[in-house]
Amino acid sequence: MNQSYIECRSVSKTYFCKHHEINALTNVNINIDKGQFVIISGRSGAGKSTLLNLIGGLIRPTSGTIRIENTIISEAANDDISKLLSSRTGIIFQSFNLLPAYTVYENIEIALVPSGLNAAGIKKIIMPMAEQFGIINKLDLLPEELSVGQQQKVAIIRTLVKNPSLILADEPTGSVDEETATEILSYLSSLNKEKQATVLLATHGLTTGKAVDRIIKIKDGYVEEV
Ligand code: ADP
């Protein structure tokens, strides 16, 4: 039997706070095939970010296992997770985490430093994406000189220049206007279709469309529908 690309088995995550515990995810079982475009849908606080962070290896489950291809992410060493994050896995965070003292171009360039490409090679990757996202004339500016939507685009480009085969996008359209949201979704969809990237996109909205293979609904930490 072919094994799925991502497998979450009996995954629970409890955050232990000072005076109380929060069960963010309870007994989650999910299988995702390579190349799928999956929406993780649920209200704010449902557990979507927690699930993406667990799959990215940024946090560990309280119990259960998470496997991606042949790696048990939930048990992998931090070094191995770092390697996966700089090669295979691209995470688009809700907060953009752009470096304020660096230009837009430099913010994107940083993601490509580990690739070992020279300046010309890096430019060749960045320019077409900046063109596509309509920020080509913003590359010399500082992040604070951009609109929120433009900053989100820079954060997305910074993630996608590495050509990740697994994209974890946490509310990537949450702070942008409808037109920009459509652009972002269609770009992720083209990466999914043309490069067979697996995309997991968390949203509290109703994002549906032809591009989406599947919607996983989460409510109060429980997967409702797979
Ligand atoms: P969503 O992404 O669907 O909005 P989250 O995964 O961010 O949901 O949060 C799920 C629950 O876990 C919420 O009740 C949230 O307050 C809590 N939570 C998330 N991160 C932490 C954390 N680092 N420490 C404590 N509680 C957290």
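Predicted model: local features only at pLDDT ≥ 70, side-chain atom pairs only at ≥ 80, totals over all residues.

**Helix H5: length**
- Helix H5 takes in residues 148–160, which makes 13 residues.
- At 1.5 Å a residue, H5 should span 18 Å, and its end C-alpha atoms do sit 18 Å apart, so the two values agree.

**Helix H5: burial**
- With buried meaning under 20% relative accessible area, 11 of the 13 residues of H5 are buried, so the helix is largely enclosed by the rest of the structure.
- The buried residues of H5 include Lys153 and Arg158, along with Val154, Ala155, Ile156 and Ile157.
- Leu160 in H5 is buried too, and so is Gly149.
- Among the elements covering those buried residues are three helices, H3 (104–112), H4 (119–132) and H6 (178–195).

**Strand S3: burial**
- Strand S3 (residues 37–41) is mostly covered, with 5 of its 5 residues buried.
- Both of its faces are covered: Phe37, Ile39 and Ser41 are buried on one side, and Val38 and Ile40 are buried on the other.

**Strand S3: partners**
- S3 runs parallel to strand S8 (residues 198–203), and 5 bridges join the two.
- Within S8, Ala202 is the bridge partner of Ile40.
- S3 also runs parallel to strand S9 (residues 214–219), this time with 4 bridges.
- In S9, Arg214 stands opposite Val38.

Terms used
Residues numbered from 1 in each chain as written. Heavy atoms only, no water. Expected span 1.5 Å × (residues − 1). Buried < 20%, exposed > 50% of the residue type's maximum accessible area, 1.4 Å probe, protein only. Contact = heavy atoms within 4.5 Å. Pairing = 2+ DSSP bridges.
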